[in-house]
Amino acid sequence: MNGCDDVRTALVLGGVPDADHLAACPECAAEGPAVARVAAALSADVRPAPPAALAARVRRAAGPLLARNAHRLAWRAFARALAAALLPLPLILFLDVQALRAAYALLRSVLPDGVSLYVVFNQAATVTLLLALSYAAIPILAERQVRLRRRESHA
Ligand SMILES: [Zn+2]
């Protein structure tokens, strides 16, 4: 926009126009009364009241779209959480297997083979159960994160 447009916009919208330009520009001085009439007509216009049922209709119309967006966000959060959790899993499994093998070798040197195997098997079962419970909690935590984010965005 040039200086004339800025001055006219300021006059129509009730802003403060550039006084130096207004005093020096013959075009702005000539259009000043017309711009003032437009500003008066715009400010005198009464904004129509929205129909009473508009909010309910908009909510009803937007409901399926909002639900689909929320569903998609939940799936995206779940996929991110699962990817972040699966990333270190090979290393965790490798370290667990190495620790169990070392424990089995150590136990075999002091205990009978059957007892060593029993202890190592119980340890492996416990670690497997803990890993399964941890990974089973991922959807619950992801859904909770989505709910918290939604609550923050609405607050
Ligand atoms: Zn001007």
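Let's start with a helix pair: helix H5 (residues 89-110) and H6 pack with their axes 9 Å apart, at an angle of about 160 degrees. Angles over 145 degrees count as roughly antiparallel, so H5 is roughly antiparallel to H6. Their crossing is right-handed. Keep in mind as you look around that this is a predicted model.

Which residues make the contact between H5 and H6? On the H5 side they are Asp-96, Leu-100, Ala-103, Tyr-104, Leu-107 and Arg-108. H6 contributes Asp-113, Ser-116, Val-119, Val-120, Gln-123, Ala-124 and Val-127.

Is H6 largely buried or in the open? The number of its 24 residues that count as buried is one, so H6 lies largely in the open.

Pro-139 counts as partly exposed because it has 14 C-beta neighbours inside 10 Å, while being buried would take 20 or more. In sequence, Pro-139 and Trp-75 are 64 residues apart, yet their C-alpha atoms are 9.3 Å apart in space.

Finally, zoom out to the whole protein. The domain assignment gives domain 1 (3-44) and domain 2 (61-154). Taken over C-alpha atoms, the centres of domain 1 and domain 2 are separated by 66 Å.

How values were computed. Residues numbered from 1 in each chain as written. Predicted model: local features only at pLDDT ≥ 70, side-chain atom pairs only at ≥ 80, totals over all residues. Domains from an automatic or database assignment. Buried ≥ 20, exposed ≤ 12 C-beta atoms within 10 Å, placed from the backbone. Helix = DSSP H or I, 4+ residues; strand = E, 2+ residues; numbered from the N terminus. Axes fitted to C-alpha atoms, helices over the stretch in contact; angles between N-to-C directions. Parallel < 35°, antiparallel > 145°, perpendicular 65-115°, else oblique. Left-handed = near helix turned anticlockwise from the far one by under 90°. Contact = placed C-beta atoms within 7 Å.
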